[in-house]
Amino acid sequence: MKPTHIEHLGIAVKSLEESIPYYENLLGTKCYNIEEVKDQRVKTAFFLVGETKIELLESTDPEGPIGKFLEKKGEGIHHIAFAVADATVALADAESQGLVLIDKVSRRGAEGMNIGFLHPKSTHGVLVELCSK
Ligand code: ZN
């Protein structure tokens, strides 16, 4: 499942409205896309830094994954996403190596990507997303 690069870093924030100006200033670039991902109960905002994106995640539901993360840990880095040729194949590879999957098959994420998550209990505590176009 050799990744080609870090596709994005996912960062949980309380408010996109408050955090977007901070990141625009920090990165010297404008947010280029805001998108709601209903099944993950988040609103996302994207910035491009070289080949890698920063994905800000605001919860739309306190019971959703980001809502729970914010309540437990507060704002901060939520996941790292690796670009792979085919997320479904990479998930199967990861499973065959004994890693625990959150998603058995890829699903549609923000920006039309196919995505799937590995469980942090088998990845040294880091929530890992695999994504492909
Ligand atoms: Zn992500």
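Predicted model: local features only at pLDDT ≥ 70, side-chain atom pairs only at ≥ 80, totals over all residues.
Residues are numbered from 1 along each chain as its sequence is written, and side-chain values use heavy atoms, without hydrogens and water. Local features need pLDDT of at least 70 and side-chain atom pairs count only at pLDDT 80 or more, whereas totals for chains, interfaces and linings use all residues.

**View 1. The buried face of helix α2 (residues 65-73).** I66, G67, F69 and L70 are the buried residues of this helix (buried: under 20% relative accessible area; exposed: over 50%; partly exposed: in between; 1.4 Å probe, protein chains only). Because these residues fall within an arc of 165° when α2 is seen down its axis, they line one face of the helix; the arc is that of the directions from the helix axis to the C-beta atoms. Helices (H or I, at least four residues) and strands (E, at least two) are DSSP runs, numbered from the N terminus.

**View 2. Surroundings of helix α2.** The buried residues of α2 pack against β1 (5-13), β3 (42-49), β4 (52-59) and β5 (76-83), contact being heavy atoms within 4.5 Å. Exposed residues E71 and K72 lie on the face turned away from the buried side of α2. After α2 comes G74, which has a positive phi, near 80°.

**View 3. Cysteines C31 and C131.** The structure holds zero disulfides, a disulfide being a pair of cysteine sulfur atoms within 2.5 Å. For the sulfur of C31, the closest cysteine sulfur is that of C131, at 18 Å, too far for a bond. C31 counts as buried at 17% relative accessibility, and C131 is buried with a relative accessible area of 1%.
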